[in-house]
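Reader: I would like to go through this model term by term. Please set each label against its cut-off.

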Amino acid sequence: AVNGVQYSVMVITLTGTNAYGLTAKQRKLTADFEAKEGDMGLERLDGSEATIERIGEALTSLPFLSNKKMVLIRQGSLNKQFAEQAPELLANIPETTDVIVVEPKLDKRSSYYKFLKKSTDYQEFNELDLAGLARWLIQAAKEQGGTLSQADASFLVGRVGLNQQLLSNELDKLLLYDAKITRDSILALTEAAPQSSIFELLEAAFGGNTQHAMQLYAEQRALKVEPQQIIAMLTWQLHIVALIKTAGERSPEAIASEAKISPYVVKKSSSIARKLTLAELKQLVANLAEIDSRSKRESFSADDALQHYLLTLAT
């Protein structure tokens, strides 16, 4: 209810930084509606283009050639008048109309946000972490008639990366090959993302395999991965190692839960953590920070410095 008015129609707000999740939900809602009522009953409005009069007319008019209508308003916040009048407009729409308000970014200080949060079916889609993506992959595979284990889902995320759209594409490809997704099929049909190769690079360096480490570094550069990106990914990997190193007797599962990362990633990084003392790890982080800092403030070859850094790890 808003100002004593009880809504009798469906008003859904979709928001959040997870563009894939938000778009997937929007598509499902509109597809379900069109399957039942036909496409004549669906109106799409853009807040940056539609006038307040056009939005008001769409919300209050009765459906034409269908039993119900659905109005999808994207970024209504860009229309100042709509944002101000939304409580009144949405309180006076007929029972034959459902509304979807799509707002990828909302100012949480605004009265418009507070209204949507309190008075609509507010659904927020945030970026998923490694564990969340693994759970999503398992569920998505199940919904498509396939099977994917927890371990292999985590492996797929670790190999492909955190891009949910890319993971969805890879999942579709794997399911077409075989409904039962296995480690072997993942290795055969997917390519390792730069993040995955960075772990392999570190693993090769810490294992003293200088030639393989340099080969992996060259592959990253050939893929147009810039030194600053490599520094960022090395930093992330060393952060995981530091979490393991300072976790005491905690299990990989407990570390992963507290740090909100995948248990698979913790287990993979444990081999590196075992090879380092805490003092050595601190020095590695400091050296990497120095490379990053110098590359930003002076004429300095980050490429050469990173290769020397990796050779130092190997020795």
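Reader: What radius of gyration would a compact globule of 315 residues have, and what does the protein chain have?

Author: A word on the source comes before the values: this is a predicted model. A compact globule of 315 residues would have a radius of gyration near 20 Å. The protein chain has 25 Å. Its C-alpha trace spans about 75 × 50 × 40 Å along the principal axes.

Reader: What is the chain built from, and how much of it counts as buried?

Author: The protein chain has 15 helices and 5 strands. Of its 315 residues, 46% count as buried. Take contacts with a separation of 6 or more: residues 24 or more positions apart account for 72% of them.

Reader: Why are α9 and α13 called roughly parallel?

Author: Helix α9 covers residues 194–206 and helix α13 covers residues 263–274. They pack at an angle of about 25°, with their axes 10 Å apart. Angles under 35 degrees count as roughly parallel. Therefore α9 and α13 are roughly parallel to each other. Their crossing is left-handed.

Reader: Which residues make that contact?

Author: From α9 come Phe 199, Leu 202, Glu 203 and Phe 206. From α13 come Lys 268, Ser 269, Ser 271 and Ile 272. By class, the contact of α9 with α13 has 4 nonpolar, 2 polar and 2 charged residues.

Reader: How do you know whether Val 101 counts as buried or exposed?

Author: Buried means under 20% relative accessible area. Val 101 has 0% relative accessibility, so Val 101 counts as buried. This residue is found in strand β4, residues 97–103.

Reader: What is Val 101 in contact with, leaving aside neighbours within four places in sequence?

Author: Val 101 is then in contact with Ile 12, Thr 13, Leu 14, Ile 73, Tyr 112 and Leu 116. Val 71 is 30 residues from Val 101 along the chain, and their C-alpha atoms are separated by 8.4 Å.

Reader: Why does Gln 75 count as partly exposed?

Author: Partly exposed lies between the buried limit of 20% and the exposed limit of 50%. Gln 75 has 29% relative accessibility, so Gln 75 counts as partly exposed. Gln 75 is found in the loop between β3 (69–74) and α3 (80–91). Its phi is near 55°, a positive value in a residue other than glycine.

Reader: How far apart are Met 214 and Leu 311, in sequence and in space?

Author: Met 214 and Leu 311 are 97 residues apart in sequence. C-alpha to C-alpha, they are 8.2 Å apart in space. Met 214 lies in helix α10, residues 210–222. Leaving aside neighbours within four places in sequence, Met 214 is in contact with Gln 307, Leu 310 and Leu 311.

How values were computed. Residues are numbered from 1 along each chain as its sequence is written. This is a predicted model: local features need pLDDT of at least 70, side-chain atom pairs count only at pLDDT 80 or more; totals for chains, interfaces and linings use all residues. Side-chain values use heavy atoms; hydrogens and water are left out. Axes are lines fitted to C-alpha atoms, for helices over the stretch in contact, and angles run from 0 to 180 degrees between N-to-C directions. Helices (H or I, at least four residues) and strands (E, at least two) are DSSP runs, numbered from the N terminus. Angles under 35 degrees count as roughly parallel, over 145 as roughly antiparallel, 65 to 115 as roughly perpendicular and the rest as oblique. A crossing is left-handed if the near helix is turned anticlockwise from the far one by less than a right angle, and right-handed if clockwise. Contact means heavy atoms within 4.5 Å. Ala, Val, Leu, Ile, Met, Phe, Trp, Tyr, Cys and Pro count as nonpolar, Asp, Glu, Lys and Arg as charged, and the others, Gly among them, as polar. The radius of gyration is taken over C-alpha atoms; the globule rule is 2.2 Å times the number of residues to the power 0.38. Buried means under 20% relative accessible area, exposed over 50%, partly exposed in between (1.4 Å probe, protein chains only).
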